[in-house]
Amino acid sequence: MSTIEVQAPGLLTTVQDLGRDGFGPMGVSPSGAADAVSLRLGNRLVGNAEGAAGLEMTLVGGAFRFPQGAVIALSGSDFGATLDGEAVGLWASVQVQPGGILRMGATRSGARCYLCVQGGIAVRPLLGSASTHVLSGLGGFEGRALRRGDVLRIGPAKDPFRKRTVTPRALDSLSPRRVLRVTAGPQSDWFSESSQRAFYASAYRVAEESNRMGLRLEGSPVAADSVREMITEGVPLGAVQVPASGQPIILFVEQQTTGGYPKIANVISADLHSVGQLRPRDEIRFERVEFETAQSLLREQETLIAWEKLIQE
Amino acid sequence: MGMPSRAAGIARFQLASDQSLLVYFGETISPEAHERVLKLLRLLEAEPIRGVRNLHPAYSSLLITFDALKLGHDELQAALQRYLGRLDSVQLPQSRLVEIPVCYGGEFGPDLAQVAELHNLTTEQAIGAHASATYPVCFLGFAPGFAYLGGLPDALATPRLATPRRRVPAGSVGIAGHQTGVYPFATPGGWRLIGRTPLEMFRAERPGMCLLAIGDRVCFTPISRERFTELESA
């Protein structure tokens with residue numbers, strides 16, 4: 001069986017797929033790739049099913065040795081990768097020779113880079129998914145981020161190498177946005193008109209203490225009607241909740257499943273992968289759209305991802 | 001959506017995101033609202049709606065997340081109307097009573113003395129009050145295996161800490177308002193900590209994984225530090 005040796009883990013590198021559904025009543029959020037679009041495209045490039053497990057690297061990538069060689073693809077953000085000393089680009093399949101070493105540096109664009117390998121990263125699924133849930137130490141490789149010396153197994157792969165790339169035009173449409181489109185949150189009417197205006201007019205900075213659970217934002221505070229008391233309820237992915245401080249938090253893939261803060265807005269599904277590429281100190285804005293618009297934007301995005309000419313051989 | 005049905009009277013639908021819907025059974029915490037949450041959850045688990053991905057029950061609401069490519073809000077609401085019309089006929093299973101041993105106070109319960117003082121109780125009285133009640137598991141949320149236990153006696157009800165702790169050890173027993181609960185993992189947390197259990201609240205390798213499930217009832221039994229160590233290594 002082919003393997004990957006972790007020579008350097010990077011800042012936070014975890015095994016991720018598209019997450020685990022159906023365990024809400026146990027308090028388990030789906031987890032999965034923070035930028036699911038990049039993981040899906042990376043898998044397509046190496047001939048995997050879209051939901052195969054890959055490695056998600058965060059801000060600073062690692063160094064990986066492939067003793068038996070492999071077919072790989074890098075997607076998402078540019079971490080300045082080299083393969084055996086030669087620069088290697090994103091969004092293309094690459095053949096790694098036995099003993100080849102892939103080295104990544106610090107990001108030159110967004111927060112996350114994905115390493116997909118033909119055959120996928122083979123870990124024992126937990127609740128039907130290979131995703132690591134970092135906070136609770138579940139799933140993925142021993143429930144944790146990778147460390148130096150870890151040896152990962154690669155799933156069976158026998159397809160011959162094929163050079164594949166992603167159509168540049170599609171990449172433009174799928175590139176991460178800094179203006180996040182949102183629908184009204186379930187408690188949006190708890191916020192005064194002036195608070196809502198401030199929320200949509202202001203730029204917010206992503207705070208340092210942001211992670212896969214949530215992104216803390218810094219900017220114009222928004223105040224909910226303080227008279228009402230919120231009853232804890234289920235919170236959807238991408239919810240923008242506003243605690244007493246007035247500084248919004250975007251709940252993300254490893255989110256708590258219930259919460260007691262009012263939610264002013266919710267990031268639309270088509271823009272969730274953009275959230276996964278936000279780094280600390282990045283500036284974002286919010287743009288309100290209707291639910292129908294959000295759903296048609298998602299359908300458009302999925303049509304593009306399913307487009308037969310998306311991947312060129 | 002057709003004629004307003006009886007079901008429409010007991011529930012309110014709220015679009016939560018482009019891929020989720022909240023079903024509210026009232027705007028306050030009540031046993032009646034919670035029973036309806038449990039019944040709808042049971043129906044949806046027994047007869048899943050195609051395209052539904054996750055169910056998140058809470059005190060008086062159920063969040064339903066779905067695949068927006070397979071299901072829309074209108075279609076889901078129409079389907080739910082039919083389920084809501086059948087709620088009265090749903091039988092909930094007999095609830096299970098789970099006993100959780102707790103070593104109260106000391107380093108395990110750093111807030112116990114303050115909680116007791118706030119309520120003019122001795123620490124022994126505070127422990128007695130916490131250990132003499134039976135608590136329903138209203139739902140699991142926040143983190144895997146974290147059970148929200150309702151019905152904390154007035155004599156102990158205390159607001160959350162003004163500043164949450166950055167790290168609460170696994171097994172810590174906390175209180176917040178009229179709720180109590182056990183932290184399954186070391187996480188940040190703002191509940192006041194009064195003790196710790198040696199039991200594992202969540203273990204991936206165990207069938208069912210969570211020690212507690214929605215609908216269970218819980219009682220706490222005080223144990224000594226020695227017993228804690230015995231049970232922890234068992």
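**The chain A and chain B contact.** I began with the interface, keeping in mind that this is a predicted model. I find 34 residues of chain A in contact with 40 residues of chain B. On the chain A side, strand E17 (233-234) and helix H5 (291-306) each supply at least two residues. Which element of chain A gives the most here? I looked, and H5(A) does, with 6 residues. I then sorted the chain A residues that touch chain B by type, and got 15 nonpolar, 15 polar and 4 charged.

**Domains of chain A.** I see 22 residues of domain 1 in contact with 13 residues of domain 2 in chain A. Helix H1 (residues 36-45) gives the most to the domain 1 side of that contact, with 4 residues. That side of domain 1 holds 8 nonpolar, 11 polar and 3 charged residues.

**The barrel.** My last stop was a sheet in chain A, where 7 strands close into a barrel. I traced the order as E14-E21-E18-E19-E16-E15-E22, and noted mixed pairing. Ignoring direction, neighbouring strands of this sheet are turned by 40 degrees against each other on average. I picked one pair to follow: in chain A, strand E16 (residues 214-218) and strand E19 (residues 249-251) run antiparallel over 3 bridges. What stands opposite Leu215(A) in E19(A)? I checked, and found Ile250(A) there.

Methods
Residues are numbered from 1 along each chain as its sequence is written. Chains are lettered from A and ligands numbered from 1 in the order in which they are written. This is a predicted model: local features need pLDDT of at least 70, side-chain atom pairs count only at pLDDT 80 or more; totals for chains, interfaces and linings use all residues. Two residues are in contact if their C-beta atoms, placed from the backbone, lie within 7 Å. Ala, Val, Leu, Ile, Met, Phe, Trp, Tyr, Cys and Pro count as nonpolar, Asp, Glu, Lys and Arg as charged, and the others, Gly among them, as polar. Two strands pair if DSSP finds at least two bridges between them. Axes are lines fitted to C-alpha atoms, for helices over the stretch in contact, and angles run from 0 to 180 degrees between N-to-C directions.
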